[in-house]
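Please keep the sequence and the structure at hand while reading.

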Amino acid sequence: MKYNSSKTTKRAGELYAKNLLKNKRSVKRILPDFIIGAHAEQHSDIFIAWNHSDYDNKTVMTPVEVMEEHDKA
């Protein structure tokens, strides 16, 4: 898979802007968090994060969800 930094950067900006609009009073996350998330969307089958609601991607799971899936297998 070819790395596309401009696509990752654009997606990180979209996620960050969405978060800023949702949390107008307090900024809980910083831009590097969203760069990591955008990169994971492009290059991973799953992205594990505690802040599941910050990402609108169906492949985001919390560590607890991952462990529950692992226990079922």
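Leu20 counts as partly exposed, its relative accessibility being 31% in this predicted model; the residue is found in helix H1. Along the chain Leu20 and Ile30 are 10 residues apart, and their C-alpha atoms are separated by 9.7 Å.

Asn4 and Gln42 are 38 residues apart along the chain, while the distance between their C-alpha atoms is 8.7 Å.

**Overall make-up**

The secondary structure of the protein chain comes to three helices and two strands, and from the N terminus on these elements run in the order α-α-β-β-α. Of the 73 residues in the protein chain, buried residues make up 27%. When contacts between residues at least 6 apart in sequence are considered, 33% of them join residues at least 24 apart.

**Packing of H1 and H2**

Two packed helices are described by the angle between their axes and by the distance between the axes. For H1 and H2 the angle is about 125°, and the axes lie 8 Å apart. Because angles of 65 to 115 degrees count as roughly perpendicular and those over 145 as roughly antiparallel, this angle makes H1 oblique to H2. The crossing in which H1 passes H2 is right-handed.

Which residues of H1 and H2 meet? On the H1 side they are Lys7, Thr8, Arg11, Ala12, Leu15, Tyr16 and Asn19, and on the H2 side they are Leu31, Phe34, Ile35, Ala38, His39, Glu41 and Gln42. By residue class, the contact of H1 with H2 divides into seven nonpolar, four polar and three charged residues. Arg11 of H1 and Glu41 of H2, both among the residues of this contact, also meet through their side chains in a salt bridge.

**Salt bridges**

The count comes to three salt bridges, and the table lists each pair with the distance between nitrogen and oxygen.

| Pair | N to O distance |
|---|---|
| Arg11 and Glu14 | 3.5 Å |
| Glu41 and Arg11 | 2.8 Å |
| Glu69 and Lys72 | 3.8 Å |

Each of these pairs qualifies because a salt bridge requires a side-chain nitrogen of Lys or Arg within 4 Å of a carboxyl oxygen of Asp or Glu.

Arg11 and Glu14 both lie in helix H1, which spans residues 5-22, and they are three residues apart, about one turn of the helix. Glu14 is partly exposed, with a relative accessible area of 39%. What does the pair of Glu41 and Arg11 tie together? Glu41 lies in helix H2 (residues 31-43) and Arg11 in helix H1, so this pair ties together parts that are 30 residues apart in sequence. Glu41 has a relative accessibility of 22% and therefore counts as partly exposed.

Glu69 and Lys72 both belong to helix H3 (residues 63-72), where, being three residues apart, they are separated by about one helical turn. Is Lys72 buried or exposed? Lys72 is exposed, with a relative accessible area of 67%, whereas Glu69 is partly exposed at 44%. As for the pairs involving Arg11, salt bridges that share partners join Arg11, Glu14 and Glu41 into one network.

**A buried loop residue**

Where does Thr62 lie? Thr62 is in the loop between strand E2 (60-61) and H3. With a relative accessible area of 14%, Thr62 is buried, because the term applies to values under 20%. Not counting residues up to four places away in sequence, Thr62 touches Ile48, Ala49, Trp50 and His52.

Definitions and conventions: Residues numbered from 1 in each chain as written. Predicted model: local features only at pLDDT ≥ 70, side-chain atom pairs only at ≥ 80, totals over all residues. Heavy atoms only, no water. Helix = DSSP H or I, 4+ residues; strand = E, 2+ residues; numbered from the N terminus. Buried < 20%, exposed > 50% of the residue type's maximum accessible area, 1.4 Å probe, protein only. Axes fitted to C-alpha atoms, helices over the stretch in contact; angles between N-to-C directions. Parallel < 35°, antiparallel > 145°, perpendicular 65-115°, else oblique. Left-handed = near helix turned anticlockwise from the far one by under 90°. Contact = heavy atoms within 4.5 Å. Nonpolar A, V, L, I, M, F, W, Y, C, P; charged D, E, K, R; others polar.
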